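Hi,

Here is the structure I promised to send over. Please open it alongside this email; my notes follow below.

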Amino acid sequence: PVTAVAVRTSPDRVAALWTLPRTVLADPGPLTSGEPTAALLVPSGQAIELAARVQGMYGTAAGVGGSRKDPAQAWRSWQEALRALRVAGRVPEFAPVAAWPRLGVYRMLTRLSRADLGELAEEITGLLGDPDAARTVEGYLDRAGHVQESAAALGVHRQTLYYRLGKAERLTGRDLADGQERLLVHLALKAAHLL
């Protein structure tokens with residue numbers, strides 16, 4: 001099985017790709033979406049390790065696609081690697097090496113155009129102007145609305161959490177007690193990371 005890896009290159013560094021194992025195919029610089037990106041095709045069992053190694057050579061970010069048993073399907077893994085690279089460069093919790101199988105909702109969001117992501121993020125424009133409230137709501141929603149866990153993870157008192165959630169509802173005009181609106185706010189916060 002093979003896996004594609006996409007690594008953003010850096011004009012300040014040259015990676016010694018010739019030091020990689022012989023089982024690795026590497027192209028040091030195709031242009032992808034206007035960004036210089038190194039492309040690798042590696043044995044699946046070594047994908048994360050080699051992605052981290054090459055990412056370290058460039059000091060940037062890397063994306064790892066899904067494994068493919070048939071090398072003729074490596075192009076699918078490459079598309080996933082490019083999407084994972086986008087997440088690795090934008091979402092700190094996945095940086096510096098993001099693996100496609102672990103991206104959760106970002107697997108769907110990376111399929112949206114920049115305009116679609118912008119439209120989704122516009123649903124919470126007021127909230128994005130208040131970083132504390134946005135971080136609080138996202139942390140709360142990431143923890144399925146568990147107040148104790150959210151307050152502990154955010155390092156705030158429960159009352160502060162309640163205050164910020166109320167403020168977020170006022171800023172967005174969304175009721176976080178409503179499942180549909182809660183989902184919209186959560187997706188919009190995730191979409192905003194990719195912009």
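Ser 10 sits in the loop between S1 and S2. This is a predicted model, so read every value below as computed from it. Is Ser 10 buried or exposed? Its relative accessible area is 15%. The cut-off for buried is under 20%, so Ser 10 counts as buried. Beyond its neighbours within four places in sequence, Ser 10 touches Tyr 58 and Thr 60.

Asp 12 belongs to that loop too, between strand S1 (2-8) and strand S2 (25-27). Asp 12 has a relative accessible area of 71%. Exposed means over 50%, so Asp 12 is exposed. Tyr 58 comes up again here. Asp 12 and Tyr 58 are 46 residues apart along the chain. Their C-alpha atoms are separated by 8.3 Å.

**Overall picture**

The protein has 195 residues, and 44% of them count as buried. It holds 9 helices and 6 strands. The C-alpha trace spans about 55 × 35 × 30 Å along its principal axes. Take the contacts between residues at least 6 apart in sequence: 65% of these join residues at least 24 apart.

The partners are Phe 94 and Tyr 106. Their ring centres are 5.7 Å apart, and the planes make an angle of 80°. Over 60 degrees counts as edge-to-face, so this pair is edge-to-face. Phe 94 lies in the loop between helix H2 (74-90) and strand S6 (97-99). Tyr 106 is in helix H3 (residues 106-109). The pair therefore ties together parts that are 12 residues apart in sequence. Phe 94 and Tyr 106 are both buried.

The loop between H2 and S6 also contains Pro 96. Look at the peptide bond from Ala 95 to Pro 96: it is cis, with omega near 0°.

Start with helix H6 (residues 131-142) and helix H7 (residues 147-154). They pack at an angle of about 135°, with axes 9 Å apart. That angle makes H6 oblique to H7. Which hand does the crossing of H6 and H7 have? It is right-handed. On the H6 side, the residues are Arg 135, Thr 136, Gly 139 and Tyr 140. They meet Val 147, Ser 150 and Leu 154 in H7. By class, this contact has 3 nonpolar, 3 polar and 1 charged residues.

Ala 144 is in the loop between H6 and H7. Its phi is near 55°, a positive value in a residue other than glycine. Ala 144 is exposed, because its relative accessible area is 62% and the cut-off for exposed is over 50%.

H7 also packs against helix H8 (residues 158-172). The axes of H7 and H8 come within 9 Å and cross at roughly 100°. Angles of 65 to 115 degrees count as roughly perpendicular, so H7 is roughly perpendicular to H8. From H7, the contact uses Val 147, Gln 148, Ser 150, Ala 151 and Leu 154. From H8, it uses Arg 158, Leu 161 and Tyr 162. The classes here are 5 nonpolar, 2 polar and 1 charged.

**H4 and H9**

Next, helix H4 (residues 114-121) and helix H9 (residues 179-193). Their axes come within 8 Å and cross at roughly 130°. That makes H4 oblique to H9. The crossing of H4 and H9 is left-handed. H4 contributes Leu 117, Leu 120 and Ala 121. H9 contributes Leu 184, Leu 187, Ala 188, Ala 191 and Ala 192. Which classes of residue make up the contact of H4 with H9? It has 8 nonpolar residues, no polar ones and no charged ones.

Best wishes

Terms used: Residues numbered from 1 in each chain as written. Predicted model: local features only at pLDDT ≥ 70, side-chain atom pairs only at ≥ 80, totals over all residues. Heavy atoms only, no water. Axes fitted to C-alpha atoms, helices over the stretch in contact; angles between N-to-C directions. Helix = DSSP H or I, 4+ residues; strand = E, 2+ residues; numbered from the N terminus. Parallel < 35°, antiparallel > 145°, perpendicular 65-115°, else oblique. Left-handed = near helix turned anticlockwise from the far one by under 90°. Contact = heavy atoms within 4.5 Å. Nonpolar A, V, L, I, M, F, W, Y, C, P; charged D, E, K, R; others polar. Buried < 20%, exposed > 50% of the residue type's maximum accessible area, 1.4 Å probe, protein only. Phe/Tyr/Trp six-rings, centres within 6.5 Å; stacked < 30°, edge-to-face > 60°.
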